[in-house]
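Subject: Structure for your review

Dear colleague,

Please find below the structure that I am handing over to you. I would be grateful if you kept it open while reading the notes that come after it.

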Amino acid sequence: MRLVIQGKGQIGGTCRVPPDKSLSHRALIFGSFATGETKIRNLLRADDVMSTVRCLRGLGVEVHQPEPDLWTVAGVGGPNLKEPSGPLDCGNSGTTLRLLMGLLAAHSFEALLTGDASLQARPMDRVAIPLQKMGASVQGRTERYLPPILIKGGRLRPVAWELPVASAQAKTALLIAGAFANGTTTVVEPFKTRDHSERLLQFLGARVVTEGRVVSIVGPAKLTAQNLEIPGDPSSAAFLVGAAAAIAGASLKVRRLCVNPTRVEFFRILQEMGAHLEFSNEAIVNGEPVADVTVTGSALTAYSPMISQVPLVIDELPILAVLASVSEGVTVLSGAEELRVKESDRIRAMVSELSKMGAAIEERPDGWRIVGPCRLRGAQVFSWGDHRVAMSLAIAGLLADGTTVVENAECVTVSFPEFPNILSELGAQVRVE
Ligand code: S3P
């Protein structure tokens with residue numbers, strides 16, 4: 001599938017975006033080992049989350065969709081999953097694979113976790129090594145533990161572990177394993193990352209304490225199923241909000257977004273760049289702050305993120321590269337080597353594709369340097385099989401002169417299947433071919 005976008009487009013109006021991906025995975029996975037039936041409203045229906053559903057079913061968990069907007073998970077109430085009859089296919093989803101490693105570490109059967117070519121190239125050592133320290137047996141390819149991952153767990157020892165990389169997925173995997181160990185498991189992050197797991201585990205009844213970058217969980221934790229509602233995904237909203245921010249005079253409202261402080265750094269950066277943002281209708285939904293976000297576009301100025309901000313905008317860096325290209329001044333991104341092991345090497349992908357559109361972007365080992373503003377011009381560009389690259393390039397196309405074709409754009413279904421439709425409802429000229 002390819003997206004054809006007419007440049008110098010306008011967008012505006014009011015919309016909703018798909019439910020949050022991180023929260024959707026956590027609601028399903030935490031629900032799977034809670035006691036009782038978890039009811040989830042507004043679960044994200046996208047490939048990554050369906051990978052989690054498929055794997056949980058493969059582990060004997062009853063996951064059903066009795067109504068269009070209701071999913072139920074029958075919690076097995078502890079380390080009571082069933083041995084799978086074959087490999088567990090996590091598709092493109094790193095969150096599925098890493099979080100399930102934490103869960104399977106507490107089970108005494110053998111399981112094989114695998115995924116598509118992109119996932120099989122992503123390192124799992126950040127999870128495998130501490131889980132081994134807790135007592136699980138974990139095997140992967142090469143010293144980086146590339147999938148497929150063979151894991152066999154059992155009784156776990158609590159651990160105090162300092163993560164070498166800022167990764168919410170790795171932190172969450174250890175908190176899940178820690179929920180089954182006898183005693184307190186402590187995880188130290190080099191920089192703060194999204195804290196959905198801490199909030200949701202606590203909401204379900206676990207004893208989780210956070211002091212700065214140190215998070216601990218007391219095991220064995222007893223989780224009790226709850227009714228959950230998933231708010232909108234700020235990382236999906238970022239493509240639309242970012243586009244409107246860069247179009248002078250555009251005004252866009254996105255309703256009922258998750259505005260957890262560890263997820264809104266992108267919006268703060270947009271404000272630093274000169275966009276006007278307003279938060280309204282604030283509420284708390286199962287421990288997560290939600291709000292409507294309204295953005296008014298203007299000419300933007302360059303902003304170079306601090307290293308401590310990088311993990312908080314890790315998923316928004318591709319769209320930030322697009323915005324940096326049309327902003328006045330020089331943007332330097334450093335400390336973002338993690339981008340090389342995402343769904344694609346996002347540094348190479350963005351440098352290569354934005355260059356084709358005329359951006360003055362230069363690759364660095366741990367980021368990029370961009371000189372703006374430049375007049376982007378429409379081009380034929382490629383998604384690199386990465387949903388966030390595809391959507392960022394579509395927005396670059398909207399801001400460019402002429403027509404842009406984003407090839408291999410089918411990957412948007414990983415997190416935001418309605419992206420082309422919503423973009424066109426907001427006034428952009430987008431065609432799916
Ligand atoms: C996620 C954490 C981040 C992010 C991913 C979702 C999560 O990955 O990029 O899209 O749900 O915990 P890392 O933990 O690898 O940084």
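Predicted model: local features only at pLDDT ≥ 70, side-chain atom pairs only at ≥ 80, totals over all residues.

Nonpolar cores

The largest nonpolar core has 80 residues. Those with the most contacts inside it are Ile 11, Leu 240, Leu 317, Leu 354, Trp 368 and Phe 419. Helix H11, which covers residues 387–399, gives the most to this core, with 9 residues. There is also a second, separate core of 71 residues, and Cys 55, Leu 81, Leu 119 and Tyr 145 are among its members.

Leu 3

Leu 3 belongs to strand E1 (residues 3–6). Is this residue, Leu 3, buried or exposed? Leu 3 has a relative accessibility of 1%, and the cut-off for buried is under 20%, so Leu 3 counts as buried. By way of contrast, Leu 3 and Asp 233 are 230 residues apart in sequence and 22 Å apart in space, C-alpha to C-alpha.

Helix H7

Asp 233 caps the N-terminal end of helix H7. A side-chain oxygen of Asp 233 lies 2.8 Å from the backbone nitrogen of Ser 235. How far apart should the ends of H7 (residues 234–246) be? At 1.5 Å a residue, its 13 residues should span 18 Å, and the end C-alpha atoms are 17 Å apart, which agrees. H7 is mostly covered, since 12 of its 13 residues are buried. The buried residues include Pro 234, Phe 239, Leu 240 and Val 241.

Strands E3, E4 and E5

Strand E5 (residues 70–76) runs antiparallel to strand E3 (residues 35–41), and 7 bridges join them. Within this pair, Thr 38 stands opposite Val 73. Strand E4 (residues 63–67) is also antiparallel to E5, with 3 bridges between them. E4 and E5 form a hairpin with 2 residues between them, and Glu 67 has Leu 70 in E5 as its bridge partner.

A colleague

How values were computed
Residues numbered from 1 in each chain as written. Heavy atoms only, no water. Core = buried A, V, L, I, M, F, W, Y, C linked by side-chain atoms within 4.5 Å. Buried < 20%, exposed > 50% of the residue type's maximum accessible area, 1.4 Å probe, protein only. Helix = DSSP H or I, 4+ residues; strand = E, 2+ residues; numbered from the N terminus. Pairing = 2+ DSSP bridges. Expected span 1.5 Å × (residues − 1). Polar contact = N/O pair within 3.5 Å; in protein donor to acceptor, adjacent residues only side chain to side chain.
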